[in-house]
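Here is a short briefing on a protein chain. Have the sequence and the 3D view open as you read.

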Amino acid sequence: MVRTRTVWVAAALMTATLGAAAVPAQAAPAAAARAAVVCPTGWGSVDKAYTAGTMAPVRNARTGRHDCYDRLVIDVPGAAAAGLGYSVRYVDALYQDGSGRYIPVGGGAILEVRVSAPAYDPDTGAPTYPARAAQPLPGVDLTGYRTFRDTRYAGSFEGETQIGLGVRARLPFRVQRLDDRLVIDVAHSWTATR
């Protein structure tokens, strides 16, 4: 009887101790992770460009959500970072190169993204990216994004591919050239907190 009572008392004490210890251990990392996110600042919203060009064609465009910004990636397999030219700027409206056709883009502001790479095979003229002019980018779903509101493919003309990116407001952005891709990040806000 004494032995059984000792086992039950020990079990009750261990359960109470473990239960009390488990609550703060789980709550502390979540609060620390939330407080530890410091967003980059200083990107600005002025035009950004790099003069270069490649004959490697655009193959895909995709997006991603991050703590501090939304990201657009344009895949150009075979393009070296040094040869990947671009122009990214805020515009009042998006007009298709060549035709001048107006393409509506949703959102509070529009970023015009130009990549100095064709979206077609330079030898055959066959499309390498399955987008259609004035339509959203294929395979891109912006549900749940904090900054991105819309994407529109404007076309590929004379070796340059043009995309309209609708964002919530005129916010800071950065452009990164990497081998095989161009990355455009648009911040969620102007401040250093998420």
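Predicted model: local features only at pLDDT ≥ 70, side-chain atom pairs only at ≥ 80, totals over all residues.

The protein chain holds one helix and 11 strands. Of its 194 residues, 40% are buried.

**Overall fold**
- Take the contacts in the protein chain with a separation of 6 or more: 66% of them link residues 24 or more positions apart.
- The accessible surface is about 10,500 Å². Carbon and sulfur atoms contribute 56% of that surface.

- Five strands form an open sheet in the order 1-4-7-9-8, and the pairing is antiparallel.
- Strand 1 (48-50) and strand 8 (148-157) each have a single partner strand, so they stand at the edges, and one side of each lacks a neighbour in the sheet.
- From one strand to the next, the twist averages 15°.
- Strands of a sheet pair through backbone hydrogen bonds, in either a parallel or an antiparallel sense.

**Pairings within that sheet**
- Strand 1 and strand 4 (residues 86-91) run antiparallel and share three bridges. Y50 has Y86 in strand 4 as its bridge partner.
- Strand 4 also pairs with strand 7 in the antiparallel sense, over six bridges. Here V88 has V113 in strand 7 as its bridge partner.
- Strand 7 (residues 109-115) is joined to strand 9 (residues 160-167) by seven bridges, again antiparallel. L111 stands opposite L165 in strand 9.
- To trace side chains along these strands, recall a general rule: in a regular strand they alternate between the two faces of the sheet.

**A61, a buried position**
- A61 lies in strand 2 (residues 60-65).
- Is A61 buried or exposed? A61 counts as buried because its relative accessibility is 4%, and the cut-off for buried is under 20%.
- Which residues does A61 touch, leaving out those up to four places away in sequence? The partners are L72, V73, I74, Y129, L137, P138 and V140.
- A61 and R181 are 120 residues apart along the chain, yet their C-alpha atoms are separated by 9.3 Å.

Terms used:
Residues numbered from 1 in each chain as written. Heavy atoms only, no water. Helix = DSSP H or I, 4+ residues; strand = E, 2+ residues; numbered from the N terminus. Buried < 20%, exposed > 50% of the residue type's maximum accessible area, 1.4 Å probe, protein only. Contact = heavy atoms within 4.5 Å. Areas by Shrake-Rupley, 256 points an atom, 1.4 Å probe, with all protein chains shown as cover. Pairing = 2+ DSSP bridges. Axes fitted to C-alpha atoms, helices over the stretch in contact; angles between N-to-C directions.
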